Amino acid sequence: MRIATLCCLIAGASAFAPAAISRSSTSLMARVPDEDRTPEMKEIYDIADRWAEIRLYSDEEAKEKLSGEELEAYERYNAKVKEDIKKAQELALMMAKSVEIPQVAKKSKTQRKKDAWAKKQAVAAANAAAEAANV
């Protein structure tokens, strides 16, 4: 009886435990081995490997090491990345402004008294104008 109760408690507690996430890489992400590649695939992989190196260059490195079509492609890519980063920063600023609610400074005691006096004066002036109009 005790064993059955213990098993039920363990089974019940494991229902609230987070499930383990298992991620297996798909064959779509795997590279084709060198011996199985066609000449076209080999050329594509060579271009991809070269571009993986090129896109990490700084502006100065790119001007020194690249020329022709590679340099133009790098400049287009780099301009697009910089533009996207700028847009993301602007969007982040807009989001930050919408999240931060501006706080109105609390009025001091003297300011509240000044406001009350100004209100009394305005009411008195309005009453005097109303009486003058009624006469």
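The legends below describe close-up views of a predicted model.

**View 1. The chain as a whole is built from five helices and zero strands.**
Read along the sequence of this predicted model, the elements follow the pattern α-α-α-α-α. The chain has 135 residues, of which 7% count as buried. Among the contacts in the chain with a separation of 6 or more, those between residues 24 or more positions apart account for 3%.

**View 2. Helix 2 packs against helix 4 at an angle of about 60°.**
Helix 2 covers residues 39–54 and helix 4 covers residues 69–99, and the axes of the two helices lie 11 Å apart. That angle makes helix 2 oblique to helix 4, and the crossing of the two helices is right-handed. On the side of helix 2, the residues that take part are Arg 50, Trp 51 and Ile 54, and these meet Glu 70, Ala 73, Tyr 74 and Tyr 77 in helix 4. Sorted by class, the contact of helix 2 with helix 4 has five nonpolar residues and two charged residues, with no polar residues.

**View 3. The largest nonpolar core has six residues.**
This core is made up of Ile 54, Tyr 57, Ala 62, Leu 66, Leu 71 and Tyr 74. In soluble globular proteins, nonpolar side chains tend to be buried together.

**View 4. Tyr 45 is a buried residue in helix 2.**
Tyr 45 counts as buried because its relative accessibility is 16%, and the cut-off for buried is under 20%. Leaving aside residues up to four places away in sequence, Tyr 45 touches Ala 30, Arg 31, Val 32 and Arg 37. One of these residues, Val 32, lies 13 residues from Tyr 45 along the chain, and the C-alpha atoms of Tyr 45 and Val 32 are separated by 9.5 Å.

**View 5. Glu 75 is a partly exposed residue in helix 4.**
With a relative accessibility of 41%, Glu 75 counts as partly exposed, whereas Tyr 45 in the previous view counts as buried. The view also takes in Lys 63, which is 12 residues from Glu 75 along the chain, and the C-alpha atoms of Glu 75 and Lys 63 are separated by 9.5 Å.

Technical notes
Residues numbered from 1 in each chain as written. Predicted model: local features only at pLDDT ≥ 70, side-chain atom pairs only at ≥ 80, totals over all residues. Heavy atoms only, no water. Axes fitted to C-alpha atoms, helices over the stretch in contact; angles between N-to-C directions. Helix = DSSP H or I, 4+ residues; strand = E, 2+ residues; numbered from the N terminus. Parallel < 35°, antiparallel > 145°, perpendicular 65-115°, else oblique. Left-handed = near helix turned anticlockwise from the far one by under 90°. Contact = heavy atoms within 4.5 Å. Nonpolar A, V, L, I, M, F, W, Y, C, P; charged D, E, K, R; others polar. Core = buried A, V, L, I, M, F, W, Y, C linked by side-chain atoms within 4.5 Å. Buried < 20%, exposed > 50% of the residue type's maximum accessible area, 1.4 Å probe, protein only.
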